[in-house]
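Thank you all for coming. Before I say anything, please take a moment with the sequence and the model, and then we will walk through it together.

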Amino acid sequence: MPVFTADYTTDKLTLGQRRVMLAAVDADGRLPDGANQRVLNNIPESWARTDPAAGGRFLTAEGRATLAPLGRFSLLARANPETSNMPGTTGHSDMLALVRDGLVVLQDSEGRPVPVADRWERGNSLRITERGRRLVGMPLTAPPFAERFPVHSRAMWKREGEPARPVQILGWPLADGTVRVLPEGTRRNYLQTLERPVPAEQIHPAPQAPITTVTNRPDDRRKTMTDRTPELPLDDELEALRGLAAAAVKPMTPRAETWEQVKALEERATAGYELAERFTEFDRRATAERWAPREWRRGRDLDTEEVEALIEQWPDLAALGSTFVRNLAAAGFAPFQMANLVKQVQGRRGLPEIQPGDVVEAMLAGGGEPRTIRLKVDRTPWPGGPDSTVLSDGTAVTAVVTASVRVVEDDGTTTARLVTDES
């Protein structure tokens with residue numbers, strides 16, 4: 001039934017007054033200075049109060065009530081602040097007045113404005129505008145209150161000296177500090193079932209109902225849709241799979257009773273089903289994360305004793321230290337690779353500074369009888385292996401033992417020659 005609003009306004013607005021006062025709503029209540037002075041003079045002080053400090057006139061509560069009498073003001077205040085939808089009880093005469101003043105707009109399902117004549121077409125609905133929100137003091141954006149109490153959520157209304165009552169939140173707090181709620185409960189009369197504005201500070205969160213959990217039997221391994229078991233790390237999951245595999249192939253007791261054999265078969269079947277399910281999930285996780293269990297990787301996790309034994313077996317690793325050896329082993333390095341790394345670093349570090357034109361004497365690399373060669377290099381040497389360095393005299397290149405390289409005085413040698421004991 002339409003809300004009757006004609007008798008709530010004793011003084012009618014002229015078109016000029018309505019136009020100026022609606023413009024004031026868009027300007028946070030301040031009457032526009034450029035409006036017709038005659039119209040401004042005809043607006044009573046009770047509708048627009050003069051503020052000498054701010055240097056202007058501002059709408060009062062009575063002035064806002066003149067723009068939207070009690071019935072229409074209530075309709076605007078009951079609009080859903082999240083969707084902007086107006087209540088379904090908006091009458092035709094109220095709709096025409098609200099649309100005329102730009103307080104609401106009639107839109108189709110795609111948000112496009114439509115004529116008022118199409119009000120009853122399927123999918124069309126009335127929505128409050130920004131001007132309508134400003135008139136009733138409804139926030140333009142969601143306040144912090146909306147995060148704690150969304151529209152249509154449940155809360156408790158607590159008044160001093162009275163028991164708390166469950167209510168349903170119907171909107172956001174308005175500028176006067178009230179929020180519309182709908183009381184709930186079974187023991188209430190007609191007056192207690194009507195929605196009403198209440199102070200926002202009297203609204204408190206509703207207590208959470210306890211969640212009833214049903215404990216499964218130890219042998220009931222079926223999972224439900226409400227299971228929230230956290231995923232185990234892949235290493236722990238692998239150990240669990242091994243336990244299920246052992247249970248699935250557990251031999252039955254010889255000469256056992258029939259019921260014992262049946263129970264053993266049921267346990268093996270249950271373990272087999274769970275093993276298949278968990279291994280499928282295990283394979284999916286290992287493939288998606290690309291991070292297999294540690295024992296499937298090349299790296300090894302060494303403890304202190306294993307690191308000490310490895311250094312004792314490969315003395316060159318002592319230069320790395322126990323922590324570096326442990327990190328290299330976890331990264332997949334083999335002991336001989338670590339030793340080669342040390343030899344390369346130490347070999348380059350022990351090589352003297354050699355410039356083109358220096359005469360160098362060193363022991364030939366490659367095994368066999370040790371022989372020493374002397375030559376004048378034409379370029380900076382470069383490493384040839386873990387223990388060798390390559391020297392060039394412009395004619396050929398020679399691999400020598402890095403540790404034996406030394407710079408000697410120039411004796412006029414121009415070509416490489418072997419150094420004998422007599423020389």
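Let me begin with a question: is Asp28 buried or exposed? Asp28 is exposed, with a relative accessible area of 60%, where exposed stands for over 50% relative accessible area, buried for under 20% and partly exposed for what lies in between, using a 1.4 Å probe and protein chains only.

What you are looking at is a predicted model, in which local features need pLDDT of at least 70 and side-chain atom pairs count only at pLDDT 80 or more, while totals for chains, interfaces and linings use all residues. Residues are numbered from 1 along each chain as its sequence is written, and side-chain values use heavy atoms, with hydrogens and water left out.

Staying with Asp28 for a moment, this residue sits in the loop between H1 and helix H2 (37-41), where helices are DSSP runs of H or I with at least four residues and strands are runs of E with at least two, both numbered from the N terminus. Asp28 has a positive phi of about 60°, although it is not a glycine. As background, most residues other than glycine have a negative phi. Ser84 is another residue other than glycine with a positive phi, near 70°, and it is found in the loop between helix H4 (70-77) and H5. Ser84 counts as buried, at 16% relative accessibility.

Let me turn to charged pairs. Side chains of opposite charge can pair when their charged atoms come close. A salt bridge here is a side-chain nitrogen of Lys or Arg within 4 Å of a carboxyl oxygen of Asp or Glu, and by this rule the count comes to 17 salt bridges.

One of them joins Asp101 to Arg18, with the closest N and O atoms 2.9 Å apart. Asp101 lies in the loop between helix H5 (92-100) and strand S3 (104-107), and Arg18 in helix H1 (residues 15-26), so the pair ties together parts that are 83 residues apart in sequence. Asp101 is buried, at 4% relative accessibility, and Arg18 is buried too, with a relative accessible area of 15%. Arg18, Arg100 and Asp101 are linked in a network of salt bridges.

A further salt bridge is formed by Arg131 and Asp26, whose closest N and O atoms are 2.6 Å apart. This pair links distant parts of the chain, with Arg131 in helix H6 (residues 130-136) and Asp26 in helix H1, 105 residues apart. Arg131 counts as partly exposed at 23% relative accessibility, and Asp26 is partly exposed with a relative accessible area of 36%. Asp33 forms a salt bridge with Arg30, and there the closest N and O atoms are 3.7 Å apart. Asp33 is exposed, with a relative accessible area of 60%, whereas Arg30 counts as partly exposed at 25% relative accessibility.

In helix H10 (residues 304-313), Val307, Leu310 and Ile311 are buried. They cover an arc of only 100° around the axis, which puts them on the same side of H10, the arc being that of the directions from the helix axis to the C-beta atoms. On the face of H10 turned away from its buried side we find the exposed residues Glu305, Glu308, Glu312 and Gln313.

In helix H11 (residues 322-330), the buried residues are Val325, Leu328 and Ala329. Seen down the axis of H11, these buried residues fall within an arc of 100°, so they line one face of the helix.

My last topic is aromatic rings. Which kind of arrangement does the pair of Phe145 and Phe149 show? A search of the whole structure finds one aromatic pair, where rings of Phe, Tyr and Trp (its six-membered ring) pair if their centres lie within 6.5 Å, and planes under 30 degrees apart count as stacked, over 60 as edge-to-face and the rest as tilted. The rings of Phe145 and Phe149 have their centres 5.0 Å apart and their planes at 40°, so the pair is tilted. Phe145 is buried, and so is Phe149.
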